Amino acid sequence: MADSTVRSTTRVAGFEDPELDFQLLRQLGSAAYGGASVGECLAAAARIRESGPHSWTDVFAGLADQQHADAQQLAAAGHRLSARDRYLHAANSYRAAEYFTPFGTDRHVELGLASRAAFLAAMAENCTDIEELWLPWRGQRLPGYWFTPHDTSGSPTLVVTSGFDGTLEETYFQIGVAALERGWQVLQICGPGQMDTARTEAATSFVPDTESWITPWIDIALDRPEVDPNQLGMLGISFGGYFVLRAAAHEPRIRALVANSPVVDLRAYMVSFLAGMGGDPEQVLTPAEDFSLDDIDQIPDAEMPPTIKEMSRSLIRRFGQSTFLNTFHYLREFNVDPATITCPTLAMVGAGEGGEPIRQYEVFAEQSGGPVTQRMFTTAEGADTHCQLGNLTLSNAVTLDWLEGILE
């Protein structure tokens, strides 16, 4: 066998665990816009399969460190574009490592800040016109990025926000690059409770009145003389679909809206993830069975697996509540009446996302107060996943072509 020939020892293989498999696909999908190397992702997956799911953070953090070191060497040697590419890979690998790190811990913050630093280093090597922004809001600083194409004459403006676990850096791969290629000005924003904000604001948490922070971001955009108020579009990704729908119900300056996907009842959306735990916590748990952050580590793993413990801990903290049941009671405030949204809207969803996201997509389309264009992505298109992470080029074509048609 010593003289045999094989094409590769790398194998295209994921995980039995659907969440791990989705996160791997999330990383692979970003390769379309420079966020990852397919081969490195598959090699990382092989190491995780060998060591166990608990190794995800260490494997991707180690990969990010190597990519970052490569980038520094390339930059020192004057290879600016090569350095840019490796810094971008490092930024997204640090984000992947950040994802499975317990929220709010020192390591979680360190990985998030490392992702941001690598991304900004990439932008410096690329000579991209980027401006770091900070919005003062209720005693917190909310981060954002402003990207400008080389020619802004007649350029439309896209304001984008992600959701529960997306980041500004990942949003650049998901939509920023594609929009800039088409000559859009791009404002990527964050609100309270989001991952980027939590890197510097330890006590930050989500609020239902998302118009309270999106409206001042729109103020910042429209204060710029190069921004045409008649060419202002907005996109919400994932949980961000709720953010932008709620904001559009109160903000007439949004001329065209994309909800990927439309979330009109965040509580129902979140409860749908808990089918394996018996359903709605307020129905299946008694007040005596409720638990706080301090209680979680005292619950035996046989009663609550470690992954569910971490999910519960994150939910309680990120909604700024004291107990699990309080969190789901608070979620009752996170809703929007579709009839209050009158601007043209593109509603997007993946056919593989499950019953509740598709139900809310249909409810929004039926009840919206303005014109709605619907687009459901299919398995055959390789885009049935949440936010079409497996086929971002198709997702961006649909998004930006529609926006250009509305705002022309």
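**Checking the terms on a predicted chain**

Colleague: What makes β1 and β2 a pair?

Modeller: Strand β1 (residues 129–137) and strand β2 (residues 140–148) share nine bridges, in the antiparallel sense. Two strands pair if DSSP finds at least two bridges between them, so nine bridges qualify. P136 stands opposite R141 in β2. In the hairpin, two residues lie between the strands, and R138 takes a positive phi near 45°.

Colleague: What kind of model is this, and how are residues numbered?

Modeller: This is a predicted model, where local features need pLDDT of at least 70, side-chain atom pairs count only at pLDDT 80 or more, and totals for chains, interfaces and linings use all residues. Residues are numbered from 1 along each chain as its sequence is written, and side-chain values use heavy atoms, without hydrogens and water.

Colleague: How many helices and strands does the chain have?

Modeller: The chain has 16 helices and eight strands. Both are DSSP runs, numbered from the N terminus: helices are H or I with at least four residues, strands E with at least two.

Colleague: What share of the residues counts as buried?

Modeller: 54% of the 408 residues. Buried means under 20% relative accessible area (1.4 Å probe, protein chains only).

Colleague: Which domains does the chain have?

Modeller: Domain 1 (13–127), domain 2 (128–265 + 334–407) and domain 3 (267–332). The bounds come from an automatic or database domain assignment. The C-alpha centres of domain 1 and domain 3 lie 30 Å apart.

Technical notes:
Buried means under 20% relative accessible area, exposed over 50%, partly exposed in between (1.4 Å probe, protein chains only).
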